[in-house]
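This report covers selected local features of one protein model. Please read it with the sequence and coordinates at hand.

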Amino acid sequence: MTCAFSPTGQSVACGGLDSLCSVYNLNSPVDKDGNLPVAKTLTGHKGYVSSCQYVPDEDTHLITGSGDHTCVLWDITTGLKTSVFGGEFQSGHVSDVLSVSISGSNSRLFVSGSCDKTARLWDTRAASRSVLTFHGHENDVNAVKFFPDGNRFGTGSDDGTCRLFDIRTGHQLQIYKPQQVDDETPQVKCIAFSFSGRLLFAGYSDGACYVWDTLLAKAVLDLGSLQNSHVNQVSCLGLSADGSALCTGSHDTNLKIWAYGGHRRVV
């Protein structure tokens with residue numbers, strides 16, 4: 001359900017329906033079948049692992065979100081939990097956590113999105129309760145992503161909207177919603193910001209991928225309207241290291257790379 005490269009690119013972590021987060025060392029020798037062995041297995045979640053992200057600038061810690069309503073900060077070296085955020089006796093999400101995002105400017109802060117229709121801001125130094133809870137969505141919050149400046153973050157939801165929130169005030173700054181052409185509202189499944197933050201990319205359940213102007217809350221382009229676009233849900237997306245290209249993944253089994261000079265498809 002989720003995977004993430006470490007900051008140095010030397011390891012990769014992944015999680016899924018088995019409630020485990022497995023870490024692979026990309027420098028390890030492969031076995032006789034050509035597979036990498038698992039370097040470390042992080043066990044402790046009581047529900048599926050929906051999201052994982054390495055703490056910026058280090059390969060030794062990562063944060064996971066889970067269907068057990070919690071987020072966990074892990075020490076990869078020992079394989080043990082450092083902190084648990086939420087849960088039965090703590091102030092946290094009351095439904096499945098679907099996404100997490102760590103601030104690039106302050107690695108002690110991260111946000112989480114949940115099926116309880118909220119996003120929450122956490123400080124890793126105080127796991128007992130969330131710092132702020134952000135309301136506004138009318139359905140599951142499938143995706144959260146910090147804005148490049150670390151003071152804001154975006155969300156994407158099954159209610160068909162993306163939203164921009166300020167962590168300093170707790171206020172909603174913008175809402176991004178396509179014009180509805182029929183009775184069905186496509187759900188937002190994934191989001192990403194451009195390096196400057198001026199553009200917000202959002203993948204939808206109907207195969208659309210909108211490029212939003214974050215300041216004006218206007219759609220600049222729908223990649224789904226172009227030739228050779230996705231024909232099914234856009235479930236994940238990400239920017240290239242230099243920010244010049246966007247990659248989208250879909251339930252139509254294709255990856256597509258979109259660049260300034262056009263796009264090409266990678267099957």
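Arg125 and Asp123 are joined through their side chains by a salt bridge, with N to O at 2.7 Å. The term stands for a side-chain nitrogen of Lys or Arg within 4 Å of a carboxyl oxygen of Asp or Glu. The model is predicted: local features need pLDDT of at least 70, side-chain atom pairs count only at pLDDT 80 or more, and totals for chains, interfaces and linings use all residues. Residues are numbered from 1 along each chain as its sequence is written, and side-chain values use heavy atoms, with hydrogens and water left out.

## Salt bridges

The count by this rule is 6 salt bridges. Side chains of opposite charge can pair when their charged atoms come close. The table gives some of the pairs, including the one above.

| Pair | N to O distance |
|---|---|
| Arg125 and Asp123 | 2.7 Å |
| Arg152 and Asp149 | 2.5 Å |
| Arg163 and Asp159 | 3.8 Å |

Burial is stated here by relative accessible area: buried is under 20%, exposed is over 50%, and partly exposed is in between (1.4 Å probe, protein chains only). Arg125 is exposed at 57%, whereas Asp123 is buried at 11%. In the pair of Arg152 and Asp149, Asp149 is partly exposed at 30%. Arg163 is buried at 8%, and its partner Asp159 is buried at 13%.

Strands are DSSP runs (E, at least two residues), numbered from the N terminus. All 5 of the 5 residues of strand S7 (residues 71–75) are buried, so the strand is largely enclosed by the rest of the structure. In a regular strand the side chains alternate between the two faces of the sheet. In S7, Cys71, Leu73 and Asp75 point one way, while Val72 and Trp74 point the other way.

Two strands count as paired if DSSP finds at least two bridges between them. Strand S6 (residues 61–66) runs antiparallel to S7, and 5 bridges join them. Thr64 has Val72 as its bridge partner in S7. S6 and S7 make a hairpin with 4 residues between them, and His69 in the turn has a positive phi of about 80°.

S7 also pairs with strand S8 (residues 80–85), in the antiparallel sense over 5 bridges. Here Trp74 is opposite Lys81 in S8. This hairpin of S7 and S8 has 4 residues between the strands, and Gly79 in the turn has a positive phi of about 80°.

In strand S9 (residues 97–102), 6 of the 6 residues are buried, so S9 is largely enclosed by the rest of the structure. S9 runs antiparallel to strand S10 (residues 109–114), with 5 bridges joining the two. Ile102 is opposite Phe110 in S10. The hairpin formed by S9 and S10 has 6 residues between the strands.

Lys117 is found in the loop between S10 and strand S11 (119–123). Lys117 has a phi near 75°, a positive value in a residue other than glycine, and is partly exposed at 41% relative accessible area. Ser19, in the loop between strand S2 (11–15) and strand S3 (21–25), likewise has a positive phi, near 70°. Ser19 is buried at 15% relative accessible area.

Glu138 lies in the loop between strand S12 (132–134) and strand S13 (141–146) and is exposed at 61% relative accessibility. Glu138 and Asp116 are 22 residues apart in sequence and 9.2 Å apart in space, C-alpha to C-alpha.

## Cysteines

How many disulfides does the structure hold? There are 0 disulfides, a disulfide being a pair of cysteine sulfur atoms within 2.5 Å. Cys21 is in no disulfide, and the nearest cysteine sulfur, that of Cys52, is 4.7 Å away. Cys21 is buried, with a relative accessible area of 1%. For Cys115, the closest cysteine sulfur is in Cys71 at 12 Å, too far for a bond.

## Domains

The chain is divided into domain 1 (1–142) and domain 2 (178–266), with bounds from an automatic or database domain assignment. The C-alpha centres of domain 1 and domain 2 lie 24 Å apart.
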